[in-house]
Amino acid sequence: MSSSPAPSPDSLLDNLAKTAEDASGKPNSSIPSNPSLQDYSKALKQVSVVDDFKRLPEIPCARNSLMYGIASGAGIGALRYLNAGPKAAANWAMGAFVFISCTSWAVCRRERGQELEVMQTMQRQYPERHARAAKEKALARQAELEGASTSSSTSQ
């Protein structure tokens with residue numbers, strides 16, 4: 001693999017958005033309509049499998065979906081091995097792993113999206129909660145500072 005650091009997904013999306021449209025909103029003509037072999041090789045050089053696996057625990061829902069997939073694949077593969085040969089058991093185990101992992105990934109991401117939507121709705125509906133709490137903290141801190149300054153001035 002390449003020794004250069006892989007670009008972050010955010011920077012890739014920003015670059016894609018910048019190159020897809022110019023300032024007027026029209027499609028940018030600098031994007032090649034037929035990518036060459038060099039374009040593909042540049043893209044492949046940016047992929048770092050090792051770095052992607054290192055960042056796997058940071059991806060929401062990835063760990064749980066992979067654990068469910070591994071456990072169900074191993075269980076179904078072991079059960080299938082009792083009734084059929086190792087080749088059939090491996091096929092069933094792999095199929096179960098992929099199916100369960102993808103299904104649990106999709107369910108988790110959907111639930112996460114719904115939860116995020118609810119939180120954003122609450123923030124939009126009740127912005128005064130945050131403002132009130134921040135104001136109360138600021139007033140308490142100001143009172144603390146004033147109390148500390150008056151007590152130090154009286155002791156002198």
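Here are a few questions and answers about this predicted model. Residues count from 1 along each chain as its sequence is written, and side-chain values use heavy atoms, without hydrogens and water. Local features need pLDDT of at least 70, side-chain atom pairs count only at pLDDT 80 or more, and totals for chains, interfaces and linings use all residues.

Me: Which helix has the highest confidence in the protein?
Reply: pLDDT is the predictor's confidence in each residue, from 0 to 100. The protein's mean is 79, and 72% of its residues reach 70 or more. Helix H1 (residues 9–20) is lowest, at a mean of 53, while the highest, at 94, is H4.

Me: What distance should helix H5 span?
Reply: Helices here are DSSP runs (H or I, at least four residues), numbered from the N terminus. The expected span is 1.5 Å times one less than the number of residues. H5 covers residues 86–125, so its 40 residues should span 58 Å, and its end C-alpha atoms agree, being apart by 58 Å.

Me: Which helix do the buried residues of H5 pack against?
Reply: Buried means under 20% relative accessible area (1.4 Å probe, protein chains only). In H5 the buried residues are Ala89, Ala93, Ala96, Ser101 and Ser104. They pack against helix H4 (62–83).

Me: Is Trp92 partly exposed or buried?
Reply: Trp92 sits in helix H5. Contact means heavy atoms within 4.5 Å, and, leaving aside neighbours within four places in sequence, Trp92 touches Ile76 and Arg80 in this sense. Partly exposed runs between the buried limit of 20% and the exposed limit of 50%; with a relative accessible area of 49%, Trp92 is therefore partly exposed.

Technical notes
Helix = DSSP H or I, 4+ residues; strand = E, 2+ residues; numbered from the N terminus.
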